[in-house]
Amino acid sequence: GYAPDQPIPYSHKLHAGDLKIDCQYCHTTVERSKHASVPSVNVCMNCHRVVKNAVGTDTPSPWIQKIQDAYDSGKPIEWVRIHELPDFVYFPHKRHVAAGLACQDCHGPIETMEKVYQYSALTMGWCM
């Protein structure tokens, strides 16, 4: 249930749920790396170069502006890691993706989460 506050309140419910953006669009390295990766500001700006307003309004979003500011300054957004494993654990997402596991199998119903939380223990005992 760990659900830290993030520097920008990113809604997976909006992006992955309502807009149906595939997890791998933002988490680009999941098929080829040990880590799924936290998206860079450049990935956010693929859409937010155009989308500037709060959902369903004509009002510019201060959170999208924060993304723009990070992009303009060349500084990353300091996201707080949620799913963290001990240093001695080697966990290649790519093998699990290749085996056909859905992100939701381990991370839960991410597409319904307004605020992401750790859905499962992610221990070997839990997995097996």
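**Close-up views of a predicted model**

**View 1. The aromatic pair formed by Y10 and W79.** A search of the whole structure, which is a predicted model, finds one aromatic pair. The ring centres of Y10 and W79 are 6.5 Å apart and the ring planes stand at 80 degrees, so the pair is edge-to-face. Because Y10 belongs to the segment before helix 1 (12-18) and W79 to the loop between helix 4 and helix 5 (93-98), the pair ties together parts that are 69 residues apart in sequence. Y10 is partly exposed, at a relative accessible area of 27%, and W79 is also partly exposed, at 23%.

**View 2. Q68 and its contacts.** Q68 is part of helix 4, which spans residues 62-73. With a relative accessible area of 15%, Q68 is buried. When neighbours within four places in sequence are left aside, Q68 is in contact with M45 and K52.

**View 3. The cysteines C103 and C23.** A disulfide is a covalent bond between the sulfur atoms of two cysteines. In this model the count of disulfides is zero. For C103, the closest cysteine sulfur is that of C23, at 3.7 Å; this is too far for a bond, because a disulfide requires sulfur atoms within 2.5 Å. C103 is partly exposed, with a relative accessible area of 27%.

**View 4. The cysteines C127 and C106.** The cysteine sulfur closest to that of C127 belongs to C106 and lies 6.1 Å away, which is likewise too far for a bond. C127 has a relative accessible area of 46% and therefore counts as partly exposed.

Key
Residues are numbered from 1 along each chain as its sequence is written. This is a predicted model: local features need pLDDT of at least 70, side-chain atom pairs count only at pLDDT 80 or more; totals for chains, interfaces and linings use all residues. Side-chain values use heavy atoms; hydrogens and water are left out. Helices (H or I, at least four residues) and strands (E, at least two) are DSSP runs, numbered from the N terminus. Buried means under 20% relative accessible area, exposed over 50%, partly exposed in between (1.4 Å probe, protein chains only). Contact means heavy atoms within 4.5 Å. Rings of Phe, Tyr and Trp (its six-membered ring) pair if their centres lie within 6.5 Å; planes under 30 degrees apart count as stacked, over 60 as edge-to-face and the rest as tilted.
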